[in-house]
Amino acid sequence: MGLSNASLGYLNYPTQVIFKCCKLVPAMIGGIFIQNKKYGTIDFFAITCMSAGLVLFTLADSSISPTFDRTGVALISSALCADAVIGNVQEKTMKAYSASNTEVVLYSYGIGFIYLLIGLLLNGGLVDAFTAYARNPLKTYGLAAVFSITGYLGILFVLALVRSFGALLAVTVTTFRKAISIALSFLFFAKPFTIQYVW
């Protein structure tokens with residue numbers, strides 16, 4: 001998530017979504033290498049169609065305001081690889097150790113917290129963050145609490161999908177959610193429309 005968010009400093013949102021729409025491909029590759037899974041021809045075909053459709057749709061969006069930067073591309077590509085590894089490792093861990101969803105969340109976010117803390121300490125961003133929060137504590141800490149609660153509920157849902165159906169289906173559902181979000185954005189926000197969205 002950190003790499004994905006950092007990429008927005010170098011890429012516009014539509015460009016980031018183009019890359020994230022292809023998350024199914026590294027998730028499938030991760031399943032093959034990490035869990036020794038075997039996928040059928042229909043799985044490969046479905047993932048190719050879904051990824052291609054989403055990429056074509058978001059390419060229309062990016063034609064309006066394209067932004068490509070090598071640093072941003074490297075960050076979002078690293079985020080996709082990390083997501084592929086994390087989802088498959090979580091699935092493998094849940095199966096091998098009968099780990100509960102809350103245990104997986106605790107360890108995943110605990111390790112992530114340490115990495116982010118080290119990064120913030122090294123680049124000096126931690127002091128800036130506390131200073132920004134101190135200027136309007138009720139709003140910032142309140143929004144952080146709401147974001148944390150909704151994020152926790154969301155990750156529990158995703159982990160329930162991983163536990164029941166596997167990492168690939170969980171990534172398919174989250175990618176489909178992105179497609180729905182993009183389509184709904186036309187209803188709720190004033191956006192320029194191009195005929196490329198239709199085909």
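A polar contact here is a pair of N or O atoms within 3.5 Å, where, within protein, one must be able to donate a hydrogen and the other to accept it. Keep in mind as you click around that this is a predicted model.

**Stop one: N88.** Select helix α5, residues 70–97, and find N88 in it. Is N88 buried or exposed? N88 counts as buried because its relative accessibility is 1%, and the cut-off for buried is under 20%. Now show the side chain of N88: one of its polar atoms lies 3.4 Å from the backbone nitrogen of G31. Leaving aside residues up to four places away in sequence, N88 touches A27, G30, G31, I34, Q35 and A167.

**Stop two: α6 and α8.** Next, select helix α6 (residues 101–123) together with helix α8 (residues 137–165). Their axes come within 10 Å and cross at roughly 120°, and the crossing of α6 past α8 is right-handed. Which residues meet there? From α6, pick N101, T102, V104, V105 and Y109; from α8, pick Y152, I155, L156, L159, A160 and R163. Sorted by type, the residues of this contact are eight nonpolar, two polar and one charged.

**Stop three: the cysteines.** Color C49 and C81. C49 counts as partly exposed, because its relative accessibility is 40%. C81 is also partly exposed, at 48% relative accessibility.

How values were computed. Residues are numbered from 1 along each chain as its sequence is written. This is a predicted model: local features need pLDDT of at least 70, side-chain atom pairs count only at pLDDT 80 or more; totals for chains, interfaces and linings use all residues. Side-chain values use heavy atoms; hydrogens and water are left out. Axes are lines fitted to C-alpha atoms, for helices over the stretch in contact, and angles run from 0 to 180 degrees between N-to-C directions. Helices (H or I, at least four residues) and strands (E, at least two) are DSSP runs, numbered from the N terminus. A crossing is left-handed if the near helix is turned anticlockwise from the far one by less than a right angle, and right-handed if clockwise. Contact means heavy atoms within 4.5 Å. Ala, Val, Leu, Ile, Met, Phe, Trp, Tyr, Cys and Pro count as nonpolar, Asp, Glu, Lys and Arg as charged, and the others, Gly among them, as polar. Buried means under 20% relative accessible area, exposed over 50%, partly exposed in between (1.4 Å probe, protein chains only).
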